[in-house]
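Subject: Structure handover

Hello,

The structure you asked to take over is pasted below. My notes on what was found in it follow.

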Protein chains: 2
Amino acid sequence: MLVQKYKDMLSGKSVIRQLSEFATARGKEIGYENVFDYSLGNPSVPVPQEFTDKMIEMLSTKAPSELHGYSPSLGITAVRETIAASLERRFGLPYRKEHIFMASGAAGALAHAFRLVTEPGDEILTFAPFFPEYNPYVNLTGAQLKIVPPNTENFQINFEAFEEMLSEKVMAILVNTPNNPSGVVYSAETLQRLADILKKKSEEYGHIIYLISDEPYREIVFEGVDAPCVSAFYDNSIMCYSFSKSLSLPGERIGYVAINPNCADAEDMVNMCGQISRGTGHNCPPSIIQLAVAEVIDMTADLSVYETNMNLLYNELTALGFTCVKPGGTFYIFPKALEEDAKVFCEKALKYDLVLVPGDSFGAPGYFRMAYCIDTEKVERSLAALRKFVTEEYPQR
Amino acid sequence: MLVQKYKDMLSGKSVIRQLSEFATARGKEIGYENVFDYSLGNPSVPVPQEFTDKMIEMLSTKAPSELHGYSPSLGITAVRETIAASLERRFGLPYRKEHIFMASGAAGALAHAFRLVTEPGDEILTFAPFFPEYNPYVNLTGAQLKIVPPNTENFQINFEAFEEMLSEKVMAILVNTPNNPSGVVYSAETLQRLADILKKKSEEYGHIIYLISDEPYREIVFEGVDAPCVSAFYDNSIMCYSFSKSLSLPGERIGYVAINPNCADAEDMVNMCGQISRGTGHNCPPSIIQLAVAEVIDMTADLSVYETNMNLLYNELTALGFTCVKPGGTFYIFPKALEEDAKVFCEKALKYDLVLVPGDSFGAPGYFRMAYCIDTEKVERSLAALRKFVTEEYPQR
């Protein structure tokens, strides 16, 4: 018999995907350039030319067995060394290759992190607004994801609600900063307070509460914003990283788990990731992509377009009277809708070919997300549509 | 707390890996060319030049976003179409893209197949001798792998033992033909008899018993051997394929699940694979590798060396008096050891720098595996060592 839980999931279509499909269909009618498609978080800038050049160089000069052979189960040793050295250089923690496990993107990294520290029935807490894929990512492991309601003032952490929900069943906390969908970066003050609570509660409950940090947007931080390293605040932390956004390589499935060097059993945990892989059928990211990424380890794609787009949108939105926390990074912005039901609001926006995603599935009803990883020229053209939409649909404001 | 089941696995080291590490260490002493390392199933021939050329061409001419963008969750549509067309052409079953799910190698494909059709507590049967990684692959999903003892006469299926073990708890059968470690190809007669039993028992138990077929060695079949397509014999079958061996790309993690077009709910099953991925953190094989493999879909690396090596070894082994089923494919051979305990036998062989793997972990104690995916020149030199080993250690024979 087919397994019912997966069969049941077939009927539940992601809102983001539905909207993206609408945008594509509408694009066929009026030209996709005229659809202001803010639905998908797909990087819009190219991978650095250096990456492409390195790939071609390797393919032209190296023996196929060197490029395409099996990766050791924890990842290619030299690549793990390169990543550890880069993390140490940047964040000051004594990372070594023994702390690094190569994973197929952030999704792969998180799949390992969750299995490392939770058994079926355990709870993981995350903070709204949050990336809705965390639901299946966690719940399909048998653990349970619980959502701490948002602090809508600034999208930092709602500590009051958090402390209420932090029961003995909670084995891990999942944070995502810079945050999808709010674009907000957690401040040092937020992270310190979070760490203090986790230390106290770990002692009280007699078990470690791990801090899992999903960091695919780490390199997309805007001018003047301080983006502190989560792992620097708490020893029992697990960093999950992806090169998808920083290098614009989302399809190549490359990222890593970095266990905090000060974590108890750090090296065992990396080895355990290698065991977890045997059950998930993951068995390392592609060898050639591991090798190529190591060659451009401290580079990023030209990410400046995201900040340009953010400023255009933020200025227009606030001028139009939207309540909006200014993003510190990512390529998302998460304003408050102009009526209570953001789904109705976003439905109305479609008439103006503005594809906005209601905040409900992000755990923050009444808000909406715009993914501005699109050309600046299109963002500029969308501002008129936005003005028209607001003026016509919400004339009282 | 760290999850104990994964922590416990750290102490259990794979015999194959231990032997491979011995070979590497010994190689540092006497030169690796002098170690007759038959431990690992790592392809020894290069990927076809056409693959490398296509990769370079794509990297040189295509837009990065086209090459490195997110793959749809079931795989790139055009790639799935290419694979379906190739399968239909070759095996005569009406495969369409709707039956194909792209997976990260056979391990990834199997991880999806197991989750499709088993819940924790269900049983999967496989036939000894078998690839030992099936144990963690299955057992870490919560289902249970049970091993049907071998038919040592010809390493086809031991049907008597099979029918005894085929209880109502069995939801799937896992076959691997051409087989690792025996090199044996299941005959049409074997597959027909297996299918007949499964049909009868599915009806009797009132639930489908699925046939999962792990086929990474499908393209390595020797002259005069008929290698029938497993799926042609049984509608409720799931093909798991990897390009690792056929194209010598084991590190690039590329393969697929092909649901039998005649299977009930075939299309749903493919969509369910996309849901399963969300829990395993898999999210598709690398985009650029999907695209490149589709360009060389009906090619293989030059696999002829494996047959040359097989003949050299088979002739020498039988001449030396070994009982040995002649392989029909793969790059493995699985002779009977010259004493009851194959572990002792293989231990003695190490003195002659012959690295052989005892059959115990393959579910066939008393046998040993040789992986002859090495240079023919080395196989030839190893024959003298083999003769010396047998003559000195087993003089009575």
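In helix 12 of chain A, the residues V305(A), T308(A), N309(A), L312(A), L313(A) and E316(A) meet T376(A), V379(A), E380(A), L383(A) and L386(A) of helix 14 of chain A. Contact here is defined by C-beta atoms, placed from the backbone, that lie within 7 Å. Helices are DSSP runs of H or I with at least four residues, strands are runs of E with at least two, and both are numbered from the N terminus. Sorted by class, this helix contact holds six nonpolar, three polar and two charged residues. Nonpolar covers Ala, Val, Leu, Ile, Met, Phe, Trp, Tyr, Cys and Pro, charged covers Asp, Glu, Lys and Arg, and the others, Gly among them, count as polar.

The model is predicted: local features need pLDDT of at least 70 and side-chain atom pairs count only at pLDDT 80 or more, while totals for chains, interfaces and linings use all residues. Residues are numbered from 1 along each chain as its sequence is written, and chains are lettered from A and ligands numbered from 1 in the order in which they are written.

Back to the two helices. The axes of helix 12 (residues 304-319) and helix 14 (residues 376-393) of chain A come within 10 Å and cross at roughly 10°. Axes are lines fitted to C-alpha atoms, for helices over the stretch in contact, and angles between N-to-C directions run from 0 to 180 degrees. The two helices of chain A are therefore roughly parallel (angles under 35 degrees).

Chain A is divided into domain 1 (4-47 + 302-393) and domain 2 (49-295), with bounds from an automatic or database domain assignment. Their centres, taken over C-alpha atoms, are 26 Å apart. The contact between them takes 26 residues from domain 1 and 31 residues from domain 2. On the domain 1 side, helix 12 and strand 9 (332-333) of chain A each give two or more residues, and helix 12 has the largest share, three residues. By class, that side has 16 nonpolar, eight polar and two charged residues.

Between the chains, 62 residues of chain B are in contact with 62 residues of chain A. Several helices of chain B supply at least two residues each, including helix 3 (49-61) and helix 6 (105-117). The largest share, nine residues, comes from helix 10 of chain B. The chain B side has 31 nonpolar, 22 polar and nine charged residues.

Regards

Notes:
Parallel < 35°, antiparallel > 145°, perpendicular 65-115°, else oblique. Contact = placed C-beta atoms within 7 Å.
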